[in-house]
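Dear colleague,

Please find below the structure that I am handing over to you. My notes on it follow directly after.

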Amino acid sequence: MHAQTEQLLRGLMLAGLDGDAASYRRFLQLLGSRLRSFYRRRLSGWPDDVEDLVQETLLAIHNQRHTYLPDQPITAWVHAIARYKTIDLLRARQGREALHDPLDDEVALFDTADNEAAEARRDLHQLLATLPERQRLPIEQVKLAGRSVAEVALETGMSESAVKIGIHRGLKALAARISALPKPRAKASP
């Protein structure tokens, strides 16, 4: 089969080089079919690239037809061009795929989140520091530390009602302070 393909393609190519346009067109059609099959097997994960690669290879073969040596196997010459086109595609894909690869900033991403959390804690503690102790302490112990109202009441000597009232009044005061803060400006569109 390979010898028949070689003989057929070689004959059509040589006739095409001698000016027979119909033979050259037939050579390109047969070769396109063979290349399509060749690339489909090798690039099964990238079916969208197969037809583009077939066309690029046929164009390269057409542009380089003057380099074909008639005493050499046509299939080896075509295979070399197809191989280079495949390598070109893989290099191009590698470059495109690299755009989707993480750029070792995974740590920076989490550092940012840690920094933002630390900044939020600092801001919260600064806001809490503006409250009287009867409001600040119950919020810190019940809402932030997750302790029960009864535990905080027992530890501080406050009644459970006083702890609840302290939380309520403290949160209300914090909300008023936060709403009084200047709002960040929206960035102007370019």
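**Negative surface patch**

Please bear in mind throughout that the model is a predicted one. The greatest contribution to the negative patch comes from helix α3, spanning residues 47–63, which supplies 3 residues. Asp-48 belongs to this helix, α3. With a relative accessibility of 67%, Asp-48 is classed as exposed, because the class begins over 50%.

**Overall architecture**

The secondary structure consists of 8 helices and 0 strands. Along the sequence, the order of elements is accordingly written α-α-α-α-α-α-α-α. The chain has 190 residues, of which 26% count as buried.

**Salt bridges**

How many salt bridges does the structure hold? The structure contains 3 salt bridges.

One of the salt bridges joins the side chains of Arg-36 and Glu-51, with an N to O distance of 2.7 Å. This pair connects distant parts of the chain, since Arg-36 is in helix α2 (residues 21–42) and Glu-51 is in helix α3, the two being 15 residues apart. Both partners fall into the intermediate class of accessibility: Arg-36 is partly exposed at a relative accessible area of 21%, and Glu-51 is partly exposed at 34%. The value for Arg-36 is 21%, and residues count as buried only under 20%, so Arg-36 is assigned to the partly exposed class.

A salt bridge is also formed by Arg-136 and Glu-140, whose closest N and O atoms lie 3.1 Å apart. Here both residues are located in helix α6 (residues 133–144), with a separation of 4 residues, or about one turn of the helix. Arg-136 has a relative accessible area of 22% and is therefore partly exposed.

Arg-147 and Glu-155 make a further salt bridge, in which the closest N and O atoms are 2.7 Å apart. Arg-147 is partly exposed, with a relative accessible area of 24%, whereas Glu-155 is exposed, with a relative accessible area of 54%.

**Aromatic pairs**

The structure also holds 3 aromatic pairs. Among them is the pair of Tyr-24 and Phe-27, which is stacked, with 6.0 Å from centre to centre and 25 degrees between the planes. The angle of 25 degrees explains the assignment, because planes under 30 degrees apart count as stacked. Tyr-24 and Phe-27 both sit in helix α2, 3 residues apart, which is about one turn of the helix.

Are Tyr-24 and Phe-27 buried or exposed? Tyr-24 counts as buried at 11% relative accessibility, and Phe-27 counts as buried at 0%. Both assignments hold because the limit for a buried residue is under 20% relative accessible area.

**The loop between α3 and α4**

Where does Pro-73 lie? Pro-73 is placed in the loop between α3 and α4, the latter covering residues 74–98. Its relative accessibility of 41% makes Pro-73 partly exposed. The C-alpha atoms of Pro-73 and Glu-6 are 7.0 Å apart, although the two residues are separated by 67 residues along the chain.

With kind regards

Key: Residues numbered from 1 in each chain as written. Predicted model: local features only at pLDDT ≥ 70, side-chain atom pairs only at ≥ 80, totals over all residues. Heavy atoms only, no water. Buried < 20%, exposed > 50% of the residue type's maximum accessible area, 1.4 Å probe, protein only. Salt bridge = Lys/Arg side-chain N within 4 Å of Asp/Glu carboxyl O. Phe/Tyr/Trp six-rings, centres within 6.5 Å; stacked < 30°, edge-to-face > 60°.
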